[in-house]
Amino acid sequence: MACRPQLTPVLRRLARTTSELSRQAPRPQVLSLTRTAAAAGSRSLGSSQPRPFQHTPARRKDGDDFTSIKYPELKRDGRFGRLTLDHVAHFRSLLGDSNSALIDGVANAEAAADDLEPFNSDWMRKYRGHTQLVLKPASTTEVSQILKYCNDNMLAVVPQGGNTGLVGGSVPVFDEIVLSMSRMSQILEFDDVSGTLVAEAGCILEVADQYLAARGYIFPLDLGAKGSCHLGGNLSTNAGGLRLLRYGSLHGTVLGIEAVLPDGTVVDDLSRLRKNNTGYDLKQLFIGAEGTIGVITKVSIQCPQRPAAQNVAFFGLESYEHAQRAFREAKGQLSEILSAFELMDEGSQALVHRVTGSKRPLESTHPFYCLIETSGSNADHDSEKLSAFLESVMDKGIVADGTLAQDETQLRALWAWREGITEALGHLGGVFKYDVSIPLAQMYQLVEDTRARVAEAGLLGDDADGTHPVRAVVGYGHMGDSNLHLNISTRRFDPRIEKVLEPFVYEWIAQRQGSISAEHGLGLAKKKYIGYSRSEGMVGLMKQIKGLYDPRGIMNPYKYI
Ligand code: FAD
Ligand code: MLT
Ligand code: ZN
């Protein structure tokens, strides 16, 4: 992708002539988060080499961090069968004997504990289940045989993709079988005229995108977990990501799916057609179903041409009001080339800085920062537009300071200040994560009100001796989609924090007709709060659909609705 080095001097010139701007030259730095993460023995997601989740070091074998212990109100459903050696023998007869197809902790729990651990623990290390069996089918037929057997024998199943979900949906609560899609990772077809890609559900997002890049196309979804998450997981969570503003939701780009219902029926809806008005559009039900009605096995998706030119700018702003004005200007002036508009507050950036130790992109600090990306087909046209935009927002006093990526490395470095927030927060301890949609004008107020509430409760303080359990209350997110990520960074899990936050946050959102989950889904974390965003009638209909597709309730129990 070509960047426009000549734009930086334009910005420098503006920086010198505009009184509100910093006098320092722009200096985006490469974040060292990946190296820091590796040194700390944790996950790292932003690399160009996809990293399988299984490489994550195992967590300790015993402890009080099991979901079933942390949330004693959750009770194992007695209708579900307990796994026996006979069940395992049956699965071996279906999948073969090797460890790549099956991890068996039923025969010898101790011996399998380390291998099972990554499938029991979620990315945040907040939820931890007790599965004794991981099945890794290699074909749709095997998925079908597994599910039919589980359904007949009342064995509960958790479908698992890259296990990067942030709401506890991808790991078991009790002893549910984990059905890992990691062996179904092939790209099956690509039509380089229409841009239609067909792949198995276990294909890693970044692998799909790299395959497309080599052919001049781009996957219409991008997110910080791209090196680990699967296409099937992306569809199942209806992931939004960094460029929804440009490429739209998966509800629009997905053309078809193949899925398997709990009774083993294969749903063949793998259409490659853009238009198909023949009956109910049932694939839409699987997009965002979080593994509760069946297992997605294949995906067909419409991919756009990869933009020939891409630019990234990073701005400092003095208030949230300024950020809104910048967004309005960006839409108006950059229109068809605008591909991302992301918001970060100073608190979130300070935490990234603390974890990475990297030099910050701007010389001075500001209450808010925005990252703007443009993607277009004509580099000269795009840079002209961006220059004009920068000049205008600076002249109007909307932007206080700014820098522009001069090459691909700097572009990635600037993105890392946004994409690296999740991982940085994870390094600092426990995080309460809220992923919400709120009308734009009121969006950041939620962070301020929450911060004030936590402070009033005496829980907030970034003190060296760690007296206060909450280190910071920060906000960032996809401003272009009115999607805020409110995160409460804690030193330790303290039940007092949760009581202060919930249901306060949900009530706040409901009062403004917002959504308690914009993109991460419900999983276990938000299941009981769905009523804050959906009416009783809607939840009733959802339960009917769940009952129709999964009458015995074996698919991802204890989650969703
Ligand atoms: P998993 O975590 O394995 O599973 C998620 C859910 O889908 C579970 O309920 C699981 O049961 C179900 N599931 C998985 N595969 C299948 C299948 N084949 N069939 C049926 N059900 C299935 N999310 C966003 O929306 N936007 C972001 O910008 C974003 N950024 C992230 C950044 C980081 C650093 C991290 C760690 C996460 C981020 N996420 C984001 C959340 C997460 O990555 C996405 O939700 C992703 O789509 C999950 O994919 P996965 O393969 O890891 O699914
Ligand atoms: C993001 O936008 O960074 C992701 O949704 C993850 C998060 O909320 O931290
Ligand atoms: Zn997000």
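Trainee: What share of the contacts in the protein chain with a separation of 6 or more comes from residues 24 or more positions apart?
Mentor: Contact here means heavy atoms within 4.5 Å. This is a predicted model, where local features need pLDDT of at least 70, side-chain atom pairs count only at pLDDT 80 or more, and totals for chains, interfaces and linings use all residues. Side-chain values use heavy atoms, leaving out hydrogens and water. For the pairs you ask about, the share is 75%.

Trainee: How many of the 561 residues count as buried, as a percentage?
Mentor: Buried means under 20% relative accessible area, with a 1.4 Å probe and protein chains only. On that cut-off, the protein chain comes out at 57%.

Trainee: Which residues with a side-chain N or O atom sit 2.6 Å, 2.5 Å and 3.0 Å from an oxygen atom of ligand 2?
Mentor: Go through the distances in your order. The 2.6 Å pair involves the side chain of arginine 418, and the 2.5 Å pair that of tyrosine 476.

Trainee: How many nonpolar, polar and charged residues does the shell around ligand 2 have?
Mentor: The surrounding residues include Leu166, Lys433 and Glu519. For the classes, Asp, Glu, Lys and Arg count as charged; Ala, Val, Leu, Ile, Met, Phe, Trp, Tyr, Cys and Pro as nonpolar; the others, Gly among them, as polar. The tally is two nonpolar, four polar and three charged.

Methods. Residues numbered from 1 in each chain as written. Chains lettered and ligands numbered in written order. Near = heavy atom within 4 Å. Polar contact = N/O pair within 3.5 Å; in protein donor to acceptor, adjacent residues only side chain to side chain. Buried < 20%, exposed > 50% of the residue type's maximum accessible area, 1.4 Å probe, protein only.
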